[in-house]
Amino acid sequence: TTVVPNLGVWVPSNALDAFDDEEEYYEYDVDGNPIASSKSKSLILCDVPGLIAGASEGVGLGHAFLRHVERCHVILHLLDATSNKVLEEYAMINRELLNYGTGKLARMPQVVVVNKLDVAFDEGNVQAGMFKSKEELEAKLQAVMPHSRLMWISAKEGEGVDDLMERVAMFVKKVKEASATEEKKQTAVAAETGED
């Protein structure tokens with residue numbers, strides 16, 4: 001897996017397998033720079049770092065960040081399992097999504113990803129979080145999540161990252177297809193009723 005954090009672009013590790021030659025994988029922009037082909041299996045991610053309480057009301061860079069999120073199809077919450085306030089942080093982000101604009105962001109499909117499994121539940125580690133086990137944190141999260149899309153990773157160790165990216169890519173594709181189908185239905189209804 002290749003992750004380019006500053007660009008928010010992910011290319012699955014098996015993306016090149018579909019091409020006979022690595023050169024086939026790339027297309028080139030007007031300046032001759034290589035870019036992933038439209039035939040590639042890629043996923044574009046929008047990283048929204050550090051939303052703070054009040055972001056929906058313009059505190060910090062809240063509006064600028066949330067405006068970008070409106071263009072996304074799925075929200076992926078990345079939670080720190082070592083945080084003593086992981087549940088409060090998750091709730092705060094969701095409140096900001098609900099309070100921003102029309103509340104559309106809170107209705108978007110979400111995936112919750114818990115990171116730092118390598119240290120979170122190790123009693124001997126000073127970085128360990130307040131929960132004694134993955135099962136305990138999972139039960140608390142499931143109690144407050146409006147869906148069941150919960151995944152676990154250790155980004156540092158690479159555990160679960162490839163699976164996460166593949167599953168998120170499939171989920172985004174499914175959401176986009178459903179959205180396109182709904183849009184076609186609405187266009188057809190509007191055409192039948194004479195609305196624009």
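## A first look at the fold

The crossing of helices H3 and H5 is right-handed. This contact is built from Val 86, Leu 87 and Tyr 90 on the H3 side, while H5 contributes Leu 137, Lys 140, Leu 141 and Val 144. The model you are looking at is a predicted one. In it, the axes of H3 and H5 are 11 Å apart and meet at an angle of about 25°. Because angles under 35 degrees count as roughly parallel, H3 is roughly parallel to H5.

### The overall plan

Let us step back for a moment. The protein has six helices and eight strands. Read from the N terminus, its elements follow the order β-β-α-β-β-β-α-β-α-α-β-α-β-α. Of the 196 residues, 32% are buried.

### A sheet of three strands

Three of the strands form an open sheet in the order E6-E7-E8, and their pairing is parallel. E6 and E8 are the edge strands, each pairing on one side only. From one strand to the next, the twist averages 25°.

E6 and E7 run parallel and are joined by six bridges.

Which residues of strand E6 lie on its covered face, and which on its uncovered one? Ile 75, His 77 and Leu 79 are on the covered face, whereas Leu 76, Leu 78 and Asp 80 are on the uncovered face. In a regular strand, side chains alternate between the two faces of the sheet.

Helix H3 comes back into the picture here. H3 lies across E6 and E7 and runs at about 155° to E6.

### The nonpolar cores

The largest nonpolar core has 14 residues. Val 114, Phe 121, Leu 137, Leu 141 and Leu 150 are the ones with the most contacts inside this core.

| Element | Residue range |
|---|---|
| Helix H3 | residues 86-99 |
| Strand E7 | residues 110-115 |
| Helix H5 | residues 134-144 |
| Strand E8 | residues 150-152 |

A second, separate core has twelve residues, including Ile 153, Met 165, Val 168 and Val 175.

What does Leu 137 touch, leaving aside residues up to four places away in sequence? Its partners are Ala 81, Val 86, Leu 87, Val 114, Phe 121, Phe 131 and Trp 152. Leu 137 therefore has a part in two stories told above: Leu 137 belongs to the contact between H3 and H5, and Leu 137 is among the residues with the most contacts inside the largest core.

### Ala 155, in a loop

To finish, follow the chain past E8. Ala 155 sits in the loop between E8 and helix H6, which covers residues 161-193. Is Ala 155 buried, partly exposed or exposed? With a relative accessible area of 45%, Ala 155 is partly exposed, because that class lies between under 20% for buried and over 50% for exposed.

Not counting residues up to four places away in sequence, Ala 155 touches Asn 115 and Val 161. Ala 155 and Val 114 are 41 residues apart along the chain, and their C-alpha atoms are separated by 9.9 Å.

Conventions:
Residues numbered from 1 in each chain as written. Predicted model: local features only at pLDDT ≥ 70, side-chain atom pairs only at ≥ 80, totals over all residues. Heavy atoms only, no water. Core = buried A, V, L, I, M, F, W, Y, C linked by side-chain atoms within 4.5 Å. Buried < 20%, exposed > 50% of the residue type's maximum accessible area, 1.4 Å probe, protein only. Helix = DSSP H or I, 4+ residues; strand = E, 2+ residues; numbered from the N terminus. Contact = heavy atoms within 4.5 Å. Pairing = 2+ DSSP bridges. Axes fitted to C-alpha atoms, helices over the stretch in contact; angles between N-to-C directions. Parallel < 35°, antiparallel > 145°, perpendicular 65-115°, else oblique. Left-handed = near helix turned anticlockwise from the far one by under 90°.
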